[in-house]
Amino acid sequence: MKKSRIFFVAGTLACFLFGMTLALPAKGKIELSFHYGHWSVNMFKGLIESALDDALRTEFKDQFMKKIQEDYPDFVETSYDQKVRFDSGGGHFGFELRWYPGGENGSFSLGFGVEKTSMKISLPEVSATLGVEELNTHRTASFAGAVNGEFLMKPLSFHLSFRWDIIPSARFHPYITFGLGIAGGSALEEGRLTYGYTADLVGPDINEHYEDSETKTIKELKDEIESEIDEETGEAKKFPLPGFVPFVQLHLGLKLKITSNVHALIDYGVFDGFLLRGSIAFRF
């Protein structure tokens, strides 16, 4: 979905909501809020690190051996140890327009929001130690390497959400929000992938150093892959990307009525990951 189409949809929805509120009964309330928060998936950090360690162990070991055997073809693996560290995070901000058809103490509300989220997934370090031995001479050496990688995406997304305030007449009360959102496919194409590694192979009469690093967008990676020919089919390789990025929102929150027209909110929950944010809302 192109940016122009997204802005058209967003503008249409905003105008629809605004126009709808003009025809509402006088008791209906409009709430405009601004929020700021932090996004991550670190709640599952331990599980992700364990899964990645299993998934990457064979791949990284094979790549390291391939690099060693380019210079020393008679070396074979004798031992391997690996540690994976995972991290994620990013800032989040936006604004939201909500309509409470029940008025001051209404429970249900319908909202439209515009959100900007920085979503970073990274492997700050994959450290590995590989023991090798030369077949003929039985000469041994140790290979120590460290790999790091990061994917960063900053989508601008548009959301439609439904909220239920629990005991809305109370000055301090909980609420639950469910919503769906969308960002354009360009957010994924412009996502940036960065990776690098350093390694040393040390042994008798051996002191080799290896390193490399690169940064590219997903669009550049896609173009690079699709310029290659598949040896089996003889056709260009495919790297399909979705035309949009979907969002699912499910938040639990607490609201404090500072005055009848000014409210403070804090909520936490699912947002294509997990999002903790605070808001200040103004009622009209």
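**Ground rules.** I count residues from 1 along each chain as its sequence is written, and I use heavy atoms for side-chain values, leaving out hydrogens and water. The model is predicted, so local features need pLDDT of at least 70 and side-chain atom pairs count only at pLDDT 80 or more, while totals for chains, interfaces and linings use all residues.

**Entry 1: L110.** I looked up L110 and found it in strand β3, residues 108-117. Strands (E, at least two residues) and helices (H or I, at least four) are DSSP runs, numbered from the N terminus. Is L110 buried or exposed? L110 counts as buried because its relative accessibility is 15%. Buried means under 20% relative accessible area, exposed means over 50%, and partly exposed is in between (1.4 Å probe, protein chains only). I then checked L110 against W164, 54 residues away along the chain. Their C-alpha atoms are separated by 9.2 Å.

**Entry 2: salt bridges.** Side chains of opposite charge can pair when their charged atoms come close. I counted a salt bridge when a side-chain nitrogen of Lys or Arg is within 4 Å of a carboxyl oxygen of Asp or Glu. How many does the structure hold? It holds 18 salt bridges.

I started with E70 and K67. Their closest N and O atoms are 3.9 Å apart. Both residues sit in helix α2 (residues 45-71), three residues apart, so about one helical turn separates them. E70 is exposed, at 52% relative accessible area. K67 is partly exposed, at 26%.

Next I took R98 and E96. Their side chains meet in a salt bridge at 3.2 Å, N to O. R98 and E96 are both buried.

Then came E115 and R277. In this salt bridge the closest N and O atoms are 3.6 Å apart. E115 lies in strand β3 and R277 in strand β12 (residues 274-283), so the pair ties together parts that are 162 residues apart in sequence. E115 and R277 are both buried. I also noted one network, in which salt bridges that share partners join E31, E96, R98, R163, D165, K255 and R283.

Entry 3: Rolling a probe the size of a water molecule over the atoms shows where empty space is left. On a 1 Å grid over the protein atoms alone, a pocket is an open set of points with protein on both sides within 12 Å along at least five of seven lines; in a cavity, a 1.4 Å probe fits but cannot get out; lining residues have an atom within 4 Å of a point. Points are joined across faces, edges and corners, and a volume is the space filled by probe spheres set on them.

The largest pocket has a volume of about 770 Å³. I found 24 lining residues, with E59, F60, V147, N148 and Y195 nearest the centre. Which element gives the most to this lining? Helix α2 does, with nine residues.

**Entry 4: the largest cavity.** The structure holds three cavities of 30 Å³ or more. The largest cavity has a volume of about 50 Å³. Its lining includes E96, R98 and R277. Those names were already in my salt-bridge entry: R98 pairs with E96, and R277 pairs with E115. Strand β1 (29-40) gives the most to the lining of this cavity, with three residues.
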